[in-house]
Amino acid sequence: MNKHQKTLLVALPLVAAMSLAGCKNMSADDLTSLGMKGLKAATLSDNDVKALSQQSCAEMDAQSKVAPAKSAYTKRLNKIAKTLGNNLNGTPINYKVYITKDVNAWAMANGCVRVYSGLMDMMTDNEIQGVLGHELGHVALGHSKKAMQVAYATEIARDAAAASGNAKIATLSKSSLGALASAVINSQFSQKQEQDADNYSFDFLVKKKINPAGLASAFDKLGGGDASILSSHPSSADRANNIRKKIAELKK
């Protein structure tokens with residue numbers, strides 16, 4: 001099998017969701033190009049992911065209402081951030097607040113951490129510390145990197161759809177960095193990833209000499225709601241119980 005054929009095999013899975021009729025309009029060069037992009041999506045380096053995250057986060061900031069420096073929200077978050085630190089394993093952390101009623105918080109691989117004012121309105125400082133510890137856990141454990149790789153690969157698939165000649169899908173293939181950011185922010189982490197991030201937050205808070213109880217009570221407040229921060233399993237009750245068990249063990 002020659003190099004060209006191998007590249008085609010990489011490209012074909014990316015366009016598997018399209019009709020064969022659409023693929024007929026794609027040349028071998030089209031598939032080869034998409035195959036090379038697919039290879040890059042699967043092998044994005046840490047620096048590649050951080051660069052994409054930086055651009056995506058900047059686009060999200062441009063599309064959102066960022067709390068100004070004098071805002072009570074910003075001052076409060078800065079106070080909380082000081083307890084968590086501004087560096088995670090060598091990656092500088094940048095905190096900002098989005099003024100919105102939505103309840104959410106997220107972090108990207110480049111250290112971009114964003115907290116929504118809706119979440120701050122319903123939580124204590126200690127609870128926000130717990131939530132942010134969890135989000136930083138996704139970064140530290142590599143979950144955010146994988147989410148960006150998946151989101152980027154999805155954009156490659158849209159390029160394939162565009163090459164098929166379908167005008168409607170071709171428009172989707174030109175998605176902005178904002179769309180890429182949204183895909184990462186709304187990523188569905190696995191149950192193990194969520195639990196690992198919870199446990200990371202617990203250990204992180206304890207190491208920083210911060211009361212981990214806020215992480216459990218944060219889950220209590222988010223339980224039963226539609227906050228995207230809890231858009232998947234495990235349940236908030238199970239997650240709160242897990243943290244409280246760890247706190248009990250810590251006190252023994």
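The model is predicted. Helix α13 itself spans residues 236–251 and has 16 residues. From first C-alpha to last, α13 reaches 23 Å, close to the 22 Å expected at 1.5 Å a residue. Its buried residues are S236, R239, A240, I243 and I247. These cover an arc of only 100° around the axis, which puts them on the same side of α13. An α-helix has 3.6 residues a turn, so residues three or four places apart point the same way. On the other side of α13, K245 and E249 are exposed.

The largest nonpolar core holds 34 residues. Within this core, L84, Y95 and L132 touch the most other members. Residues up to four places away in sequence aside, L132 touches L77, I80, L84, Y95, A105, V113 and V115. A second core of ten residues is separate. Among its members are M148, A151, L180 and F189.

One disulfide is present in the structure. It joins C57 to C112, with an S to S distance of 1.8 Å. The link of C57 and C112 is right-handed, with 45° about the S-S bond. Distant parts of the chain are linked by this pair. C57 lies in helix α4 and C112 in strand β5 (residues 112–116), 55 residues apart. Both cysteines fall under the 20% limit for burial. C57 counts as buried because its relative accessibility is 3%. C112 counts as buried because its relative accessibility is 2%.

P68 sits in the loop between α4 (46–63) and α5 (72–84). With a relative accessible area of 53%, P68 is exposed, because the cut-off for exposure is over 50%. P68 and I99 lie 31 residues apart in sequence. In space, their C-alpha atoms are 9.7 Å apart.

Technical notes. Residues numbered from 1 in each chain as written. Predicted model: local features only at pLDDT ≥ 70, side-chain atom pairs only at ≥ 80, totals over all residues. Heavy atoms only, no water. Helix = DSSP H or I, 4+ residues; strand = E, 2+ residues; numbered from the N terminus. Expected span 1.5 Å × (residues − 1). Buried < 20%, exposed > 50% of the residue type's maximum accessible area, 1.4 Å probe, protein only. Arc of directions from axis to C-beta. Core = buried A, V, L, I, M, F, W, Y, C linked by side-chain atoms within 4.5 Å. Contact = heavy atoms within 4.5 Å. Disulfide = S-S within 2.5 Å.
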